[in-house]
Amino acid sequence: MKQSDGKEIILGGGLAGYFLAANLIKAGRKVLLIHNPLQTGASGVAAGLVNPITGRQYVLTWRALELLDALDEFLSDPLFEPLNKFYHRMPIYRPFPDIFSGNEWAAKTAWSEYHSLCQVDFNPWQPDLLKNPFGGIAHLRSGWLDIPPFLSSLNLLLHKTGNFSEIKAHLNYNSISPERNEVILNGEQIPYQNLIFCEGIKAVNNPWFKILLIPLKGQLLTLSSEEFPDRIVSSGVFMIPLGNGQYRMGSTYEREFTLEGPDEKGKNNLLQEVGRWWIPPIHQVTRHDSGIRPTTQDRMPLLGRQETFPNLWILNGLGAKGVLQGPALAKLMTQAIVQNSDSIFWKEIQTSRKKAIL
């Protein structure tokens, strides 16, 4: 089969798959996206938070400025500019637990890598709503993406290009023939140039990529309370203002769980945690969602190419940072496919690294 005989097939309809589809189409490729609408991945229920400073130690996330620039580049592309309305740029405010933490951050913001991303204020912000007597720090270039309408609108934009198609179905691994570069679906033989797995936690059973994925359960609440200005607050858990006194709150990070769906323990933990610093009463919890994030041992994403069947690729392990990492990694994967070489992948995210192998 000639390389020009088939499309690029993406397996998985979450953020990773759609960002990749968009980049491949921009590169002049035809794309077929195969996803099972009956299986809700992490993207379908994720809060879509974009935060360049993360972790318990509040450190600058890996390649933060490159990732933020790639997100801005994607949203400023003329083809995808209509999607900007789903990305809400707003600072993330972290209350200082004590004066020592404030002094530490005041010194850290003098460093060049933090200077453009942080703003320290030792005065309490909205003290009638938040317990923050020592003030806090605002993370800039932050925000949140409303993922469901974003993906739905991106789907329509991609269809309009004439180079995008999709099949809503479950594709079994035994229906993929890497020897012939084709998949068999509903009795039809569908050739491909490359097949890229963007299937999230489902990749734990992928027979061609033996990678170590750790399922991380996250639970989210949608609730109503007193309204504050457009600023996300984060301290253990986050509160994203949706307007009209509505918020999205989360998230749990559960490595050990028995139920994949939402549960009362997760709900109670979230409400207890936010009660440490949120003063007004929670009037009503209107939604309770959960999803399983695909994470890795070293918390780094996974990009790779199959050695025996070089037309098979994988993009996975974005964890809780799908919005922040997705555009940059999809662009990197597209460049690798176009150049027909995986040498472009950054070493720290290659599937061949020690901490990525089962």
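Two strands count as paired here if DSSP finds at least two bridges between them, and the strands themselves are DSSP runs of E with at least two residues, just as helices are runs of H or I with at least four, both numbered from the N terminus. The model is predicted, so to speak of local features pLDDT has to be at least 70 and side-chain atom pairs count only at pLDDT 80 or more, while totals for chains, interfaces and linings use all residues. Residues are numbered from 1 along each chain as its sequence is written, and side-chain values use heavy atoms, with hydrogens and water left out.

On those terms, S8 pairs with strand S9 (residues 136–139) in the antiparallel sense, over four bridges, and Cys118 sits opposite His139 in S9. Both strands belong to an open sheet of eight with mixed pairing, ordered S8-S9-S7-S16-S17-S18-S15-S19. At its edges are strand S8 (118–121) and strand S19 (284–295), each pairing on one side only. On average, neighbouring strands of this sheet are turned by 20° against each other, direction ignored; axes are lines fitted to C-alpha atoms, for helices over the stretch in contact, and angles run from 0 to 180 degrees between N-to-C directions. Helix H6 (residues 264–274) packs on the sheet and touches strand S15 (214–224), strand S16 (232–235), strand S17 (237–243), strand S18 (246–250) and S19, contact being heavy atoms within 4.5 Å. The direction of H6 makes about 65° with that of S15.

Most residues other than glycine have a negative phi, and most peptide bonds are trans. Gln126, in the loop between S8 and S9, has a positive phi of about 50° without being a glycine. Ser251, in the loop between S18 and H6, is joined to Gly250 by a cis peptide bond with omega about -5°.

Another open sheet has three strands in the order S3-S10-S6, with antiparallel pairing. Strand S3 (49–50) and strand S6 (87–89) are its edges, each pairing on one side only. S3 and strand S10 (residues 143–145) run antiparallel and are joined by two bridges, with Leu49 opposite Trp144 in S10. Helix H2 (residues 64–76) packs on this sheet, touching S3 and S6, and its direction makes about 125° with that of S6.
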